[in-house]
Amino acid sequence: MSTCVFVQLRCKPGTTYAVAERIIAREIHSELYSTSGEHDLLLKLYIPEEADVGHFINENLLDIEGIERSLTTMTFRAF
């Protein structure tokens, strides 16, 4: 079973579309949205069960040029 996480990204000014295209090309997300407010993009990821969440995000997402800041929200199966 995989772990579902949501990652909000703040991009450097003028890079949001380029960042989104790079994320799409990597095919690591389940859903990707443009958002208003403090962050520019919101993506839903399913992290493989055997993978460490922090390492997976750092190695597969946060090395994309144009990402300025991220906020990861973990989910837990409660119901």
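Valine 7 lies in strand 1. The model is predicted: local features need pLDDT of at least 70, side-chain atom pairs count only at pLDDT 80 or more, and totals for chains, interfaces and linings use all residues. Residues are numbered from 1 along each chain as its sequence is written, and side-chain values use heavy atoms, with hydrogens and water left out. Helices (H or I, at least four residues) and strands (E, at least two) are DSSP runs, numbered from the N terminus.

- Four strands make up an open sheet, ordered 2-3-1-4, with antiparallel pairing. Two strands pair if DSSP finds at least two bridges between them.
- Strand 2 (29-34) and strand 4 are the edge strands, and each pairs on one side only.
- On average, neighbouring strands of this sheet are turned by 20° against each other, direction ignored. Axes here are lines fitted to C-alpha atoms, for helices over the stretch in contact, and angles run from 0 to 180 degrees between N-to-C directions.
- Strand 1 and strand 4 run antiparallel and are joined by seven bridges.
- Opposite cysteine 11 stands isoleucine 67, in strand 4.
- In general, strands of a sheet pair through backbone hydrogen bonds.

**Valine 7**

- Valine 7 counts as buried because its relative accessibility is 0%. Buried means under 20% relative accessible area, exposed over 50%, and partly exposed in between (1.4 Å probe, protein chains only).
- Beyond its neighbours within four places in sequence, valine 7 is in contact with residues including Leu43, Ile57, Leu61 and Leu71. Contact means heavy atoms within 4.5 Å.
- Valine 7 and leucine 61 are 54 residues apart in sequence, yet 9.7 Å apart in space, C-alpha to C-alpha.

**Helix 2**

- Val53, Phe56 and Ile57 are buried in helix 2 (residues 53-60).
- These residues lie on the same side of helix 2, because they cover an arc of only 95° around the axis. The arc is that of the directions from the helix axis to the C-beta atoms.
- Strand 1 (3-11), strand 3 (41-47) and strand 4 (67-74) are what the buried residues of helix 2 pack against.
- Where helix 2 starts, a side-chain oxygen of aspartate 52 comes to within 3.1 Å of the backbone nitrogen of glycine 54.

**Glutamate 27**

- Glutamate 27 sits in the loop between helix 1 (16-26) and strand 2.
- Its phi is near 55°, a positive value in a residue other than glycine. Most residues other than glycine have a negative phi.
- With 68% relative accessibility, glutamate 27 counts as exposed.

Terms used
Polar contact = N/O pair within 3.5 Å; in protein donor to acceptor, adjacent residues only side chain to side chain.
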